[in-house]
Structure formats: C-alpha cells, structure tokens
Amino acid sequence: MATIQLTHTPILNSKAQVLAMTVSFLLALPLAAILLVHPALMLDANGHYNHSQLMLVMIGISGGFIHGVGFIPRFWLWKWLFSPYIAWPLMILGYYIWIGN
C-alpha cells in the first residue's frame, strides 16, 4: 500500500498581514453575532429583509472569518471571493445596513 505524505510549510506572516487578518476577524465578529442573536436589527425602513444585500453581507462575513483565521483557499475563485478586497466592502455594507437604519 502506498502512503502519501503531506508536508505543511508554515507561512510566516508580516506585521501588516497579521494586522489585516485581525481587522478581518474583528469586522466579521459583531456582524455575525448580530445576525445570529438579533437579526431584526438588519431590517430595512419598511420592516423587511433585503435578501440580496444580506446574502452579500454573509459572503463578506465568511470572507472576514476565513481571512481572519489565516486560511488560504487553493481554488482561485474562492481565493478571490474570500479575500479582504471583497470581504471588507461587503462587511462595511453590513455595518451600513445595521447602523444606518
């Protein structure tokens, strides 16, 4: 029987990368808590959910947690979608929906 050895090379993060990861995690944490504990805070002025906006916010939260814990996806689409370049603006949209109402 053939055995496969997987090697793990530790990635040394610079201070800027660690700061960006911390910001990602700290941006995602309150939004996730609000959506889990009291989702009514994300209602629009008419008292309804905007499902398309909330879907984007949840993608941003996912990207914030994925980047925040240091996970790096291999597939290019996931790497792009869950990068802070996409996640941060989507999470800022979430804060706008939450605080702007």
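Q: Which residues of helix α2 are buried in this predicted model?
A: In this predicted model, the buried residues of α2 are Leu-54, Val-57, Gly-60, Ile-61, Gly-63, Gly-64, Ile-66, His-67 and Gly-68. These buried residues pack against α1 (15-37) and α4 (84-100).

Q: Why is His-67 called buried?
A: The relative accessibility of His-67 is 18%, and a residue is called buried when that value is under 20%, so His-67 counts as buried.

Q: What makes the pairing of the His-67 side chain with the side chain of Ser-24 a polar contact?
A: The two side chains come to 2.8 Å, and the cut-off for a polar contact between N or O atoms is within 3.5 Å, so this pair meets the distance that the term requires. Leaving out residues up to four places away in sequence, His-67 also touches Ala-20, Met-21, Phe-82 and Pro-84.

Q: How do you know that the reach of α2 is close to the expected one?
A: Helix α2 covers residues 51-68, which is 18 residues, and from its first C-alpha to its last it reaches 25 Å, close to the 26 Å expected at 1.5 Å a residue.

Q: Which residues touch the most other members of the largest nonpolar core?
A: This core has 13 residues, and those touching the most other members are Leu-31, Leu-35, Met-42, Val-57, Ile-61 and Met-91. Two or more residues each come from α1, α2 and α4, with the largest share, five residues, coming from α1. Apart from neighbours within four places in sequence, Leu-35 is in contact with Met-42, Leu-54, Met-58 and Ile-61.

Definitions and conventions
Residues are numbered from 1 along each chain as its sequence is written. This is a predicted model: local features need pLDDT of at least 70, side-chain atom pairs count only at pLDDT 80 or more; totals for chains, interfaces and linings use all residues. Side-chain values use heavy atoms; hydrogens and water are left out. Helices (H or I, at least four residues) and strands (E, at least two) are DSSP runs, numbered from the N terminus. The expected span of a helix is 1.5 Å times one less than its number of residues. Buried means under 20% relative accessible area, exposed over 50%, partly exposed in between (1.4 Å probe, protein chains only). Contact means heavy atoms within 4.5 Å. A polar contact is a pair of N or O atoms within 3.5 Å; within protein, one must be able to donate a hydrogen and the other to accept it, and residues adjacent in sequence count only if both atoms are side-chain atoms. A nonpolar core is a set of buried Ala, Val, Leu, Ile, Met, Phe, Trp, Tyr and Cys residues joined through side-chain atoms within 4.5 Å.
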